[in-house]
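Biologist: Please walk me through this model, starting with the terms.

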Amino acid sequence: MGKLCPLEPKSKVHSASQSLPGKLQRNNNGKAGDLVFIVSLTLALSGASISQKIKLPKLDCALTRHSEKSLGSRRGTMGFCWSGECGNRPCWADHYMPCYAGWVGPTVLLCIYGFCSMMRPIEPFMTEFLTGTYKNLTSEQVTRQVIPVWTYSSLVLLAPILLVTDFLRYKPVIILQGLTYVTAFLLLLVGSGVHSAQLAFFCYSTATAADVAYFSYIYSMVLPSYYQRVTSYVRGAILLGYAVGALLAQLLVSLGGVSLYCLAFVTLISVSVSLITSFFLPMPESRLFLNRTYSAQQGNSAEDNHDSESLDISVWVKGMMAAKQVGRMFRRLIWDCKKCYSSAAVLFFCIWAAAGRCGFTQVTSYVQLLWVYMQPHNFTAYNGGVDAISTLSGAAATVAVGHVSLEWSVWGELVLGVFTFLIAGSVFLMDMSDNIWISYACFFLFKTVYMQLTTICTFQIAKMLNRSRFALVFGMNSFVGTVLQSVLTAIVINTKSLQLTITSQFLIYASYFAAISVLFTVRGVYTLLHMKLPTGGHQPERANALPEASHL
């Protein structure tokens, strides 16, 4: 299993098919020839009918010139040809014909999972749910004891989950994500007190840390030619699920008079459906990173591994081999990190991705407390509508960026600096205004611009990296962003000597984005001058450096 089928059966079948007409022609003159002709024809017809019912792996593999474990014909994976690319009838991945349309089944299931897991109507009103009559927590407890648990737990859990996701082949981690979502919202429904809320947010942090498995799973199931298509479907399902959940919450609260407890119950049902869907996801047969890590050793010792399969290897020898593989994997990780971040262009885009993630998460986590401060005990607030509209506008801005014709390698950093200043201004105005509608409008602008800028960072980093290093760099960006978020939380939220109010916190967040804006504006001006200098000394050097980065 997993090796290429020998071509010998194909040559025999070919020679036999070429020699059969000659034999029939030589024997067709007499009765003996007629008898041979009838018998040969009967055997040929029966062999054709049997080959359609009984799988002949090696023969089929030779005829199709594909391995039994190739990406298009892996056994045990879902390969429904719903798109009709393999014909009008559904064929399975272990059929003798190769099936390359198997991306549809896993993508549909993953989109259903992403939509249901993100459709959480209670989230736009989470602070009001915790501080209202349902849980009777104070704003001080939510700010300093409950929400920071999510930040610190994400820091602790992100690295282990990132390392074991590829080893476990994604699906178990996605199932774990579904379980922790269900546990978190079940605790919010039935629990009471600070400790129950802290445990719920710990489970929620486990689920959010497992996002790396969700975003990496589909790349181990489909061919690279489908990456752009399935990525758009998966991310679209997430944004649509969040927007639908927020809009549903707003309609139920404002028009239907539904209680927040019912919103939490609807959220529990939605994440439970996502958990059930995760069990139907096909198990990937390959890994993205570990396969590449082991390929060099396997290529050098293929014959030794083939001979060793027939030997009885002791347990401790296997343990030593596993330890060597783990050590090799960590060395490969360190070498890949040095290689990727050696490019200044990749480094600066990664800095914005990590720093922007930190600031965005802090603002979205505590903005409801700011709105409660502006309008206390107002349970008809339009938090859900603002979340829904800003998410949809952010998705539209993300799509629009993909159609903008701009030399991003020259102007990208300057665009990040200028628009980050716009983000800083929106957060500052959100904090200084006492009008809830002005605050809503600023949050709408903040979220829309952030989604646009993070899309620019994502595709610029992807352009300059090898495909096999995507998960590593994006995972490192998430980890660094979580570290920054933990440091910022420890300083702004949990420092007892400061005791900052919610308005002072948002003033610090606005200053944080302003500092990022200054850094990238200066860097963008430097890059622009460096690329557009008329002298011939710098421009060729820069132009030659960018293609090298694309092979990192």
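Modeller: Buried means under 20% relative accessible area, exposed over 50%, and partly exposed in between, with a 1.4 Å probe and protein chains only. This is a predicted model, in which local features need pLDDT of at least 70, side-chain atom pairs count only at pLDDT 80 or more, and totals for chains, interfaces and linings use all residues. Residues are numbered from 1 along each chain as its sequence is written, and side-chain values use heavy atoms, with hydrogens and water left out.

Biologist: Is Val418 buried, partly exposed or exposed?

Modeller: Val418 sits in helix 17; helices here are DSSP runs of H or I with at least four residues, strands are runs of E with at least two, and both are numbered from the N terminus. Because its relative accessibility is 47%, Val418 counts as partly exposed.

Biologist: Which helix gives the largest share of the nonpolar patch?

Modeller: The patch is formed by Ile389, Val418, Phe419, Leu422, Phe444 and Leu445, with about 480 Å² of accessible area together. Two elements give two or more residues to this patch, helix 17 (408-432) and helix 18 (436-463). Patch members have over 30% relative accessible area and no salt bridge, and nonpolar side chains (Val, Leu, Ile, Met, Phe, Trp, Tyr) are joined within 5 Å; a salt bridge is a side-chain nitrogen of Lys or Arg within 4 Å of a carboxyl oxygen of Asp or Glu. The largest share, 3 residues, comes from helix 17.

Biologist: How much of the protein is buried?

Modeller: The protein has 21 helices and 0 strands. It exposes about 27400 Å², of which carbon and sulfur atoms supply 67%; areas come from the Shrake-Rupley method with a 1.4 Å probe. Of the 552 residues, the part that counts as buried is 46%.

Biologist: Which residue's backbone oxygen does the side chain of Thr361 reach?

Modeller: Thr361 is in helix 15 (residues 344-374) and is buried, because its relative accessibility is 11%. Not counting residues up to four places away in sequence, Thr361 touches Trp150 and Gln485, where contact means heavy atoms within 4.5 Å. At 2.7 Å, its side chain reaches the backbone oxygen of Arg357.

Biologist: How far apart in space are Val182 and Thr267, C-alpha to C-alpha?

Modeller: Val182 lies in helix 7 (residues 171-190) and is buried, with a relative accessible area of 16%. Beyond four places in sequence, Val182 touches Leu268, Val271, Ser272 and Leu275. Val182 and Thr267 are 85 residues apart in sequence, and their C-alpha to C-alpha distance is 9.0 Å.

Biologist: Is Asn136 buried or exposed?

Modeller: Asn136 is in the loop between helix 5 (126-131) and helix 6 (139-167). Although Asn136 is not a glycine, it has a positive phi of about 60°. Because its relative accessibility is 57%, Asn136 counts as exposed.

Definitions and conventions
Patches are made of residues with over 30% relative accessible area and no salt bridge: like charges are joined within 9 Å, nonpolar side chains (Val, Leu, Ile, Met, Phe, Trp, Tyr) within 5 Å. A polar contact is a pair of N or O atoms within 3.5 Å; within protein, one must be able to donate a hydrogen and the other to accept it, and residues adjacent in sequence count only if both atoms are side-chain atoms.
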